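I opened my notebook to jot down what I looked up in this structure. Here are the entries, in the order I made them.

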Amino acid sequence: MNTFKNTDGKAVLSRMVKGIQDNKGYLGEVDGLIGDGDHGMNMNKGFSLFGTRFAEEHLSFTDGLYELGNILFSEIGGSMGPIYGTVFMDAADAGEGLDEITLSDLAVMLRAGLKGLMEIVDAKVGDKTLVDTLSPSVDSLTASIDQGDTFAAALEKMKEAARAGRDSTKAMVAKFGRSSRLGERSRGVLDAGATSCCIILESMADGILELLSQEG
């Protein structure tokens, strides 16, 4: 299948929650190398709050993204809450009203999330932030549409782009956040935001792939 039902999307959100929960310690370790080490804790707090709060409620993919974004925006500490909150809520707004979500729809949603992010931060590709993961992932989806890829193939390519984007930050010097104070000493370490973004996008893709296989 090349589409999934928006109403079935809570399963995708659950995969995203588990992805962050399973990597809480790892994200803390990555952040602790050049940051304050609380990225894993804060992300886990927000995603777990969402998972617990809506455990018994039926949510669509877009509604769930919005609720997750709202929690991250308003209820967790650090700078990443508002950043991820904006990405998710803007993505959800772009998909509002959809019954079925296609590859093109997902690309539009994630592009809207990236656009919202770029409006609140000055970071661009190469600045060692989550933009280095999110931007090439969105570009990958767009390229897949142009190439006529199936939804499943596009998601696999998006995961590859996310991993490559995450890994690219290791050679970069941080331009934003606490790690920017280290200058050249920030080189040689992955960016924590780029790493969590990769986990989120891979988990999202795996959740959608499972839905596509079920509906196929």
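How much space lies in the largest cavity? Before answering, I noted that I was working with a predicted model. I then found about 70 Å³ of space in the largest cavity. My count of cavities of 30 Å³ or more came to one.

**Entry: the cavity lining.** I listed the residues that line the largest cavity: Y84, V87, F88, L110, L134, C197, I200, L201 and M204. I sorted these lining residues by type and got nine nonpolar, no polar and no charged. Next I asked which elements give two or more residues to the lining, and found helix 5 (80–94) and helix 9 (192–215). Helix 9 gives the most, with four residues.

**Entry: helix 6 and helix 8.** The axes of helix 6 (residues 103–120) and helix 8 (residues 151–168) come within 10 Å, and I read their crossing angle as roughly 35°.

**Entry: T62.** Is T62 buried or exposed? I found T62 in helix 4 (residues 61–75). Its relative accessibility is 5%, so T62 counts as buried, the cut-off for buried being under 20%. Setting aside neighbours within four places in sequence, I saw T62 in contact with N6, A92, G95, I101 and M109.

Notes: Residues are numbered from 1 along each chain as its sequence is written. This is a predicted model: local features need pLDDT of at least 70, side-chain atom pairs count only at pLDDT 80 or more; totals for chains, interfaces and linings use all residues. Side-chain values use heavy atoms; hydrogens and water are left out. Axes are lines fitted to C-alpha atoms, for helices over the stretch in contact, and angles run from 0 to 180 degrees between N-to-C directions. Buried means under 20% relative accessible area, exposed over 50%, partly exposed in between (1.4 Å probe, protein chains only). Contact means heavy atoms within 4.5 Å. On a 1 Å grid over the protein atoms alone, a cavity is a set of points where a 1.4 Å probe fits but cannot get out, and a pocket is an open set with protein on both sides within 12 Å along at least five of seven lines; lining residues have an atom within 4 Å of a point. Grid points are joined across faces, edges and corners, and a volume is the space filled by probe spheres set on the points. Ala, Val, Leu, Ile, Met, Phe, Trp, Tyr, Cys and Pro count as nonpolar, Asp, Glu, Lys and Arg as charged, and the others, Gly among them, as polar.
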